[in-house]
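Dear colleague,

I am passing on the structure we spoke about, and below it you will find my notes on what turned up in it. Could you read them with the model open beside you?

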Amino acid sequence: MFRILQNQTTNSKIILSRSEINCTYNPISNFSRFFIFSHVQKQRVFARNKLFAFLAGTEEVENGQLYFDNYDNMRITTPVRWPIDVRRFVSGPSEEKLMEKLKSGEWIPTESEMPHNFKIEGVKIRKKEDGMFVDFTFRANQFQKEKALEEIIERVQTSLKEKHDVLWFNVNAYLVKGEPFIENLVDRYPVSRLRIEFQGPDVLTETLYKYLEPYGLIRDINLFPASSNYISRYALVQYVKVRSAICAKNCLHGMIVDGARFNILYDSPVRMFRIYKWIINHPTLSTISIPLIPFVAVAVVVGITYGLNFICYIFVRTRIAYYHLYQQLREKTSGLFTTFREKPEEEIFNFSTKEQEEKLQNWLKDPPDNFIVLLGPTNSGKSALVNKILRGKRNTLYIKCDDIIDSRNKNERALELAKQVGCSSAFNLVISFSNLGSLLANEVIGHKIFGLPSTVDDPVKKVLDLVENALYKTRRSRRAQNSENEFPIVVIDAYMIKYKENHDLWELLIKFASELVTNKLAHVVFVSSNIGIINHLGNQAPSMQVNTLDLHEPEEVINLVDQYARDKNIEIPEGLKEAVSSIGMHLTDLGLFIGKIRNGTKPDDALNNLVSEAKADVYRIAFRDDFEHVANKEWSDIQFWEIMKGLSKKEYLFYDIVKSSPLFDDDDTPIKAMERSGLISITLLPKESTVSIIKAGKPLYQKVFAEISSDELFETKMKYKTAQYYLTLENSKIKEYEDELEKLVKIDSKWNNKWSSRWSFSWLFGNGHEVINHRVKFLLLQLKKSLARAKKHQKQIDELKHNYELILNRKGS
């Protein structure tokens, strides 16, 4: 045995035998012998030192192995043994072609660029595991072998990362540290769980995790004791991916750690043919195989359902990522097929200002932290603004609530939503098969199978979950991560429609939008004409902030007309500006108005035609007296007359004052109904976030209300109905006062009879006459006022009736 000592003078290693070392331990007794033979020992040590240095500096040819976990992405690996193996019909590259790719530097650096005289000796393909072993040689001495291997694998992995964009399929390389068991057993296929048997002493969980963690994410590691003398101690390691388990098995099998050898196998692979044989050969089940048919039917239907569900997910993701290409192609090719058709007319005006467009664009550039709300009356250009900003952009999705909300049931609602997100046909099959699977499972198993669309309370939620998963994959894709400030955009148009304010669809959409914004998956833009959306979003998602862009008609409409005329180089007809200012920024009315102007009608005549048509609409909607309309009308004629009369004189009315008037008596149901019909609009006072006001449904109605209110005959008729209502109201009050006074008189008489004896305790409890007298005086005062008002209303009714007859006679003559 030798021991290495360091010579401080020669800076070389001295090798001494045990006897020589022992003599140095007792220098006093052996001093003379050591002194006499010191020269001989020095010569011997010098010779041994030269021999050791020669051996240590000699580089020998060493062997090594690399494992690549992917070599052909087109190969299909089946996890179970099916009757038809798809892999037989799919051919991959041969070992010679892979050898050429490796040596040419297509995947890894060439041999001249690798350290330690690296040379590739051979390739062994593992078709079943979709990987390959690469045998190589290198030169290194025995003390630098491990370091050389680390340098080689580091260079290979660095090269694969640098060529990640060139290799369209992902490839990882690992150093084989053990002795891989290269087998080709037919019935043994890779799974994500490994069984590691230990030959030798036990291995701790921490040690296992240290060696297994580099190959992928691990779910769990379980250690089991030896069950007998023949079955040794083992561990079950569950990976998240099968690919990680394959790499760990091929790289660590046969490795010795702390004196224990690893024997790694795939644990419990699924074998469909064994289940079949077990059923056929079983003495009992073979006679009752017919009842198994329903279970097989349930399994097949459920499998088809999940397969169709995955197809829906692919369709949704494709719709989000590539629909903009379809739009661009349609715009470019539409002109080829519309040669003899009339082209659609251009928009007359740009209904949004540049400041509004820039503000929306800046919100969409930032990461999604808040909701974006585009608020404005109907036909004010909200959707046109969104389409203009998002035209040609990728990763956009539109959800139009007005088409969904009118569906008859939940399934139709889900199908309409699926149609908008691009998976209507597949989702229709999903609903059909899921209903069939739930029915079969309920009959065969006794309960439904949870996870199917039919078991979800609302299938709309299932579609929204598909969209959320598709947005998650879209946002987490490599291209999206490399692009800065590129977030998907989801537009929810016609949200919270006024005639469907209370609907379960709004709650589902707000939860869906909150998940997207919270997880920073996409921007969510709400487009609505309902002013109550701000409070609704605050109540449903109190933690989310709202960026609001108000698109109510701008004050300077004439500037838009002048700008349009300058851009088109046209002469503005006389009276056009005044007519446009009366119409306002209402898309439909402006389109009709410009159409009449182009046909040669003068601006004043065109405006009068629009006013006449709008007046007929107001009479038909607000004052129609046919039986069908009266049964469905939620307001009375005099209630709308009260609001219309006020709006004919003022631009707006305060909402709270109108609601508290005697005609409404703090009931805003008629006001909400008028808003849903489009006669009026409820909005917030400019620069005030808490004051609500009532305005005309569209700017043209302001002029219509003034003309209707100036009609003498109609005004007299409405005043007559209003006076009758007030008279009825006062008569009911008088009746209430009289009934209460009658009750008080009876109470007072009973009070006198009960406490009139000499043993009364009025001195203790007080006299009840005083309380009754106070109440009687108050009621008499109110009765007097009501009688005066009733008299006044009756007189007004008589006068209006007389005036109405005079006006009719005058018009008739």
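Glu 62 is found in strand β3, where helices (H or I, at least four residues) and strands (E, at least two) are DSSP runs numbered from the N terminus. With a relative accessible area of 14%, Glu 62 is buried; buried means under 20% relative accessible area, exposed over 50% and partly exposed in between, with a 1.4 Å probe and protein chains only. Leaving aside its neighbours within four places in sequence, Glu 62 is in contact with Phe 136, Thr 137, Phe 138, Ala 140 and Lys 145, contact meaning heavy atoms within 4.5 Å. One of these residues, Phe 138, is also the bridge partner of Glu 62 in β5.

Before going further, please keep in mind that this is a predicted model, in which local features need pLDDT of at least 70 and side-chain atom pairs count only at pLDDT 80 or more, while totals for chains, interfaces and linings use all residues. Residues are numbered from 1 along each chain as its sequence is written, and side-chain values use heavy atoms, with hydrogens and water left out.

Rings of Phe, Tyr and Trp (its six-membered ring) pair if their centres lie within 6.5 Å, and planes under 30 degrees apart count as stacked, over 60 as edge-to-face and the rest as tilted. By this rule the count comes to 19 aromatic pairs. The ring centres of Tyr 67 and Phe 133 are 5.0 Å apart and their planes stand at 55°, so this pair is tilted. Because Tyr 67 lies in strand β3 (residues 60–68) and Phe 133 in strand β5 (residues 131–140), the pair ties together parts that are 66 residues apart in sequence. Tyr 67 and Phe 133 are both buried. Tyr 174 and Tyr 215 form another aromatic pair that is tilted, at 5.1 Å centre to centre and with 50° between the planes. This pair links distant parts of the chain, 41 residues apart, with Tyr 174 in strand β6 (residues 173–175) and Tyr 215 in the loop between α6 (205–212) and β8 (218–224). Tyr 174 and Tyr 215 are likewise buried.

Elsewhere, Tyr 619, Phe 623, Phe 640, Trp 641, Tyr 701, Phe 705 and Phe 714 form one aromatic cluster. The charged end of Arg 195 sits over the ring of Tyr 234, 3.8 Å from its centre; a charge sits over a ring if NZ of Lys or CZ of Arg is within 6 Å of the ring centre and within 35 degrees of the ring normal.

There is also an open sheet of 5 strands, in the order β13-β14-β15-β12-β16 and with parallel pairing. Its edge strands are β13 (396–400) and β16 (546–550), each of which pairs on one side only. Neighbouring strands of this sheet are turned by 20° against each other on average, direction ignored, where axes are lines fitted to C-alpha atoms, for helices over the stretch in contact, and angles run from 0 to 180 degrees between N-to-C directions. Helix α10 (residues 354–365) packs on the sheet and touches β12 (371–375), β14, β15 (523–528) and β16, its direction making about 160° with that of β16. Strand β13 runs parallel to β14 (residues 489–493) and is joined to β14 by 5 bridges, with Thr 396 standing opposite Ile 489.

Two backbone angles may deserve a look. His 116, in the loop between α4 (95–103) and β4 (119–126), has a phi near 60°, a positive value in a residue other than glycine, and at 26% relative accessibility His 116 counts as partly exposed. Asp 258 has a positive phi of about 55° although it is not a glycine; Asp 258 is in the loop between β10 (256–257) and β11 (260–266) and is exposed, with a relative accessible area of 59%.

Notes: Pairing = 2+ DSSP bridges.
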